[in-house]
Amino acid sequence: MQQLNFYDQLLENEKQRNPQAAEYLEEEIDILIHKLKYIHQDIRPTVLILQQATDFSPLYNEQLHDIIAIAGGVSIADKMDNPSIICIVQEDESLLSTIFSVLQDDVLSRSNAVQKNQIYIIQKENFATQDSDFLKDVEICAEIIQPKYFIYGHQGTEWLKFDIA
């Protein structure tokens, strides 16, 4: 598995603040990593996260990188990298009226994600920005990226699949 700098630092900080919470976090993340250890890096889906709040610019930071890696994907920061999965972080209800125009972008419309109908809307507030929500954000991504392995019950409340057809 690739380096998980954000997670390692988060875990270290949590061990100092709240050892019990750190132990729980470490156990849960270890379970995710263990379940996916035989899925080689080369066949993990590439994941692009777009933010409605920033006019659909990609969200990419060290925290999100680790979230997606632990959840069984490979994070990318550019639509030109042909994402296998596109997640859009919803800011407000106007997303539903603009999502089709976003997906008709010249590059995105030809991506594997759009061609294979792998578009998801993340409805969780502050997705991939709060240390305290790290585990929940990993669970959301794991359900989206590796649905055969993970069901945490966040579908329908924190995220949903967007059908193009």
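Trainee: Which residue stands opposite Ile-121 in strand 5?

Mentor: Ile-88 does. This is a predicted model, where local features need pLDDT of at least 70, side-chain atom pairs count only at pLDDT 80 or more, and totals for chains, interfaces and linings use all residues. Residues are numbered from 1 along each chain as its sequence is written, and side-chain values use heavy atoms, with hydrogens and water left out.

Trainee: In what sense do strand 4 and strand 5 pair?

Mentor: Two strands pair if DSSP finds at least two bridges between them. Strands (E, at least two residues) and helices (H or I, at least four) are DSSP runs, numbered from the N terminus. Strand 4 and strand 5 (residues 119–122) pair in the parallel sense, over four bridges. Strand 1 (residues 46–51) is also parallel to strand 4, over five bridges.

Trainee: Which residues of strand 4 lie on each side?

Mentor: In a regular strand, side chains alternate between the two faces of the sheet. Here Ile-85, Cys-87 and Val-89 take one side, Ile-86 and Ile-88 the other. Each of these is buried (under 20% relative accessible area; exposed is over 50%, partly exposed in between; 1.4 Å probe, protein chains only).

Trainee: Why is the pair of Phe-6 and Phe-134 called tilted?

Mentor: A ring pair is described by the distance of the centres and the angle of the planes. Rings of Phe, Tyr and Trp (its six-membered ring) pair with centres within 6.5 Å; planes under 30 degrees apart are stacked, over 60 edge-to-face, the rest tilted. The whole structure has six aromatic pairs. Phe-6 and Phe-134 have centres 5.7 Å apart and planes at 35°, so the pair is tilted. Phe-6 lies in helix 1 (residues 5–17) and Phe-134 in helix 7, 128 residues apart. Both are buried.
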